[in-house]
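I opened the notebook to record how two chains meet and which side-chain pairs can be listed. The entries follow the order in which I looked things up.

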Number of protein chains: 2
Amino acid sequence: MLEKTVLVIRELDPQECAKVLSGSNLGRLSCVRDNFPYTVPISYVHENNWLYSFTLEGQKVEWMRENPNVCVLVDEISDSREWRTVLVEGRFEEFPQSSDWARYGHAWSFLQSRSYTWWLPGGVKRQLAEGSTKYVFYGVRIVTVTGRQALSGPV
Amino acid sequence: MLEKTVLVIRELDPQECAKVLSGSNLGRLSCVRDNFPYTVPISYVHENNWLYSFTLEGQKVEWMRENPNVCVLVDEISDSREWRTVLVEGRFEEFPQSSDWARYGHAWSFLQSRSYTWWLPGGVKRQLAEGSTKYVFYGVRIVTVTGRQALSGPV
């Protein structure tokens, strides 16, 4: 027998948004050039008012250097009756190679850890540990964060 | 015992990209206003050179009407050793309420089906079936599509 259900969509409060951001490491980052968007999956660490990440030099970094306005979507779409989406609107900031990355503390340590770098080829991990200049350590400073949640239950 | 593996990242050809697009209904759509990006999950149907979708009036639609340059990211991140990402760059086109939606054939039928509308509240589904003007039927005409795949295996 099919059960009748009702689906309710509600806004997440800032604490709930922060929990979603901290509970995941996978987001979809979007940047813009000449009013065209570009979106890629990223692996990140959420700490305080930042999402920290690493990337290779490439289109995304070029675009973000020119226009630091980015957004990061983090969603949990567990099944048809339950999903949460959080959208971070923020500013790209690059942490130069010459600066002391260790001062980023936990975020820096985590970004070097196995659980973060699973998606990187082995050679990249080694170069990352050695501080090769091909890699860009950056943060998205959170300007606004909004979220929505779908909940369902019996009518 | 840990097995040594090597991770290889390769480009997907157009046929492989099309297969990823057709094999999913979940994408992340990005649009742009004043050089700021906005990204949301969407449910879509891929047919020929289009991604078809429905949405409610709102920020996304306002932005896309002003600037039809959008992108849609479709990714399959199954585990640490295997992922595929496909990025569609395309143009938003709205199918007006007055036009004969049935001419969109399979896409229109599917968009009305249970497997597509699972994420919509029941009331919305009814209004959708009745052709309420609150809903926007649109397509993203694919201009370019690119994709990458990570594969891993023993060294």
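This is a predicted model: local features need pLDDT of at least 70, side-chain atom pairs count only at pLDDT 80 or more; totals for chains, interfaces and linings use all residues.

Side-chain values use heavy atoms, with hydrogens and water left out, residues are numbered from 1 along each chain as its sequence is written, and chains are lettered from A and ligands numbered from 1 in the order in which they are written.

I then noted one of these salt bridges, in which the side chains of Asp75(B) and Arg28(A) meet at 2.6 Å, N to O. The pair crosses between chains, with Asp75(B) in strand 6 (residues 69–79) of chain B and Arg28(A) in strand 2 of chain A, strands being DSSP runs of E with at least two residues, numbered from the N terminus.

How many salt bridges lie between chain A and chain B? I count two, and Arg28(B) forms one with Asp75(A), where the closest N and O atoms are 2.7 Å apart. On the side of chain A that touches chain B, strand 1 (5–11), strand 2 (26–33), strand 3 (36–43), strand 6 (69–79) and strand 7 (82–95) of chain A each supply at least two residues. Strand 6 of chain A gives the largest share of that side, seven residues.

For the contact as a whole (heavy atoms within 4.5 Å), I recorded 32 residues from chain A and 32 residues from chain B. The buried area between them is about 2700 Å², with 66% from carbon and sulfur atoms; this is the accessible area (1.4 Å probe) lost on putting the two parts together, summed over both.

Next I checked the symmetry: a rotation of 180° with 0.0 Å of shift along its axis superposes chain A on chain B, with an RMSD of 0.0 Å, by least squares on the C-alpha atoms of residues with pLDDT of at least 70 in both. That is the relation of a two-fold axis. In chain A, the C-alpha nearest the axis belongs to Asn35(A), 2.7 Å from it. The same surface serves both copies, since 100% of the contact residues of chain A recur in chain B.

Notes. A salt bridge is a side-chain nitrogen of Lys or Arg within 4 Å of a carboxyl oxygen of Asp or Glu. Helices (H or I, at least four residues) and strands (E, at least two) are DSSP runs, numbered from the N terminus.
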